Amino acid sequence: MAVVQPAAPGRRAMTDEERNYLLLQRLRSLIKHAVLIIFGIAFMLPFVWMISSSVKPNIDIFEIPVRLLPKSLRLENYIDATEAIPFWQYLWNSTYYTIFATIGSVLSNTFIAYGFARVRWRGRNVVFIIVIATMMLPFQVRMIPLYILFARIGWLNSFLPLIVPNFFGNAFYIFLMRQFMMTLPKELDDAARIDGASEWGIFWRIAVPLSKPAILTVAIFEIIHTWHDFIGPLVYLRHPTKYTLSIGLRLYFTQYGAEWGLLMAAAAMFTIPMVIFFFIAQRSFIEGITLTGLKG
Amino acid sequence: MFKLRRDPANQPNSWRTDNLPAWGLFFVSPWIIGFVAFTVYPFIASLYYSFTNFNIINLTPRWVGLDNYVELFTADPLFWTSISNSIRYAALLLVFATVFDIFIAYLLSQNVKFLSIYRTIFFFPVLVPVVAASLTWIWILNPRFGLMNGLLELIGIKGPNWLASPDTAMYALIFIGVWGSGRQVIVYLSGFNDIPRQLYEAADIDGASGLQKFWRITLPLLSPQIFFNVVTLIIFSLQSFSEVYIMTQGGPANSTLLYAVNLYNRAFRDYAMGYASALAWIMFLLILGLTLIIFKFLAGRVIYER
């Protein structure tokens with residue numbers, strides 16, 4: 001098929017070479033999009049399957065051949081899912097854990113990072129290297145003694161072992177916030193000092209307001225981390241009234257097999273808050289990941 | 001004059017250093033307390049426990065010297081199984097996730113339309129809570145009613161029982177790992193976007209081929225992101241626990257028994273705390289050694305100057 005290219009005014013007609021080049025460009029763009037669309041669909045399929053199964057009546061769940069989209073809707077799955085296990089209790093437990101862990105992380109890491117980024121003191125760099133080194137220590141090494149410690153002081157089956165350590169900083173977040181605070185202009189501190197501000201005043205009135213993007217990043221990471229957390233609740237929360245959703249979802253498995261429709265409905269309700277959250281905070285999200293990746 | 005010099009207001013740099021060391025300690029004090037209570041103490045305690053027979057029967061730990069370590073290396077086949085499984089898992093995931101994520105990030109960096117939609121899609125699996133994702137994958141990989149084998153049937157392939165067969169379970173887990181590696185795509189994408197266009201234009205003038213440009217410009221300038229992603233991926237995948245514990249519990253026939261799963265079983269299923277502590281210390285040394293090796297061989301090759 002010949003593509004007739006009218007010569008633009010003031011320009012000569014295209015040579016064959018130029019035409020081939022344009023064609024090649026267009027073909028490459030087409031392939032690029034095709035690849036992205038195929039992989040994009042493949043990446044979303046598990047989520048589509050989760051939602052689709054969550055609204056299928058039981059009889060359609062076990063249908064052969066497998067049907068990706070449901071042929072009939074049974075939204076009652078969502079209500080049944082909240083009644084088959086103490087869903088609302090577990091949702092509240094997950095929320096409670098997330099709120100307090102995030103408060104602890106934001107408060108402590110902002111505070112600590114300021115000490116590493118803006119206050120100069122002897123030994124600061126050595127201590128900071130120790131902070132970084134702790135990132136390499138696997139959780140598993142600390143897991144057993146901490147479990148025994150918390151068991152002895154009677155904190156098992158409570159959220160204290162999960163929340164309290166968050167109030168004492170986390171190497172990764174300290175690192176992230178320090179990097180950010182280092183970029184704030186020093187002149188601001190000096191100006192505030194001349195005006196008679198105390199070190200605390202500089203922290204509270206200058207560093208904290210200017211560090212909002214980094215604080216937000218820490219909050220976002222911590223919210224996701226806590227909401228997803230599986231091993232923490234698995235180790236410390238043994239009593240069924242204390243389960244978070246991470247641990248509670250297994251209750252949909254009975255001795256006769258899984259209630260897949262209800263389970264997928266519960267999984268969807270567990271996932272959707274994160275999705276909404278992502279769309280609200282999308283920009284800070286992407287910037288946060290970029291920040292950590294670049295400065296690594 | 002002499003008096004003025006001593007006036008702190010005239011020495012804005014030094015008075016912060018010398019006169020106020022207390023403020024620095026004040027701000028980092030929560031970390032110091034937490035470091036002692038939640039890192040130093042458990043570290044020393046864990047090392048001590050690893051030399052004892054601390055378990056459900058012997059609630060007061062008794063010193064047994066190197067017994068746990070000797071048993072580990074000589075009399076525990078699961079130790080070697082789990083080490084080789086973990087190394088296989090980490091190595092395969094590293095290769096597949098790195099190649100795939102760089103490839104996707106590269107496509108996304110080419111001025112595509114709907115960039116933010118694609119970016120969201122590839123990042124999406126990161127948002128799904130690991131338990132919700134794992135349970136969904138169990139259902140997808142269900143041999144009879146699952147989506148995966150349903151799709152394979154469309155092209156005439158009879159899919160295996162993915163998670164219940166020792167030949168396929170590990171590959172299924174790695175596949176799921178790549179699906180969940182969207183964080184890396186974002187990091188690589190930012191790396192691609194930071195490469196100055198002029199470099200490619202200059203290379204074009206010199207007549208460089210696409211492959212040459214990739215090896216000589218793209219890869220070196222992407223090295224900070226590659227380095228960061230490789231290090232974090234290795235450290236995290238060697239500690240992988242949740243997905244595997246939920247989906248296969250290490251089975252079938254221990255074919256997916258990762259190191260962290262074995263350790264958890266020993267500690268919280270068998271309550272062999274002393275033995276599990278020895279396992280944890282071997283893990284720590286393994287990760288430490290690997291990290292040092294990576295830093296030694298890769299850090300020097302990373303190009304930060306642009």
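Reader: Which residues is A:Ala267 in contact with, leaving aside its neighbours within four places in sequence?

Author: Happy to start there: they are A:Met50, A:Leu249, B:Ala132, B:Leu135 and B:Thr136. Two residues are in contact because their C-beta atoms, placed from the backbone, lie within 7 Å. This is a predicted model, where local features need pLDDT of at least 70, side-chain atom pairs count only at pLDDT 80 or more, and totals for chains, interfaces and linings use all residues. Residues are numbered from 1 along each chain as its sequence is written, with chains lettered from A and ligands numbered from 1 in the order in which they are written.

Reader: What makes the set with A:Ile174, A:Ala266 and A:Ala267 a nonpolar core?

Author: A nonpolar core is a set of buried Ala, Val, Leu, Ile, Met, Phe, Trp, Tyr and Cys residues joined through C-beta atoms within 7 Å, where buried means 20 or more other C-beta atoms within 10 Å of a residue's own. The largest such core has 136 residues, and those three have the most contacts inside it. Helix H4 (residues 87-117) of chain A gives the most to this core, 10 residues; a helix here is a DSSP run of H or I, at least four residues, numbered from the N terminus.

Reader: Why does this core lie between domain 1 and domain 2 of chain A?

Author: Because domain 1 (17-74) and domain 2 (77-295) of chain A both give residues to the core. Those bounds come from an automatic or database domain assignment.

Reader: How many residues does each domain of chain A give to the contact?

Author: Domain 1 gives 9 residues and domain 2 gives 7. On the domain 1 side, H1(A) has the largest share, 4 residues.

Terms used:
Helices (H or I, at least four residues) and strands (E, at least two) are DSSP runs, numbered from the N terminus. A residue is buried if 20 or more other C-beta atoms lie within 10 Å of its own, exposed if 12 or fewer, and partly exposed in between; C-beta atoms are placed from the backbone.
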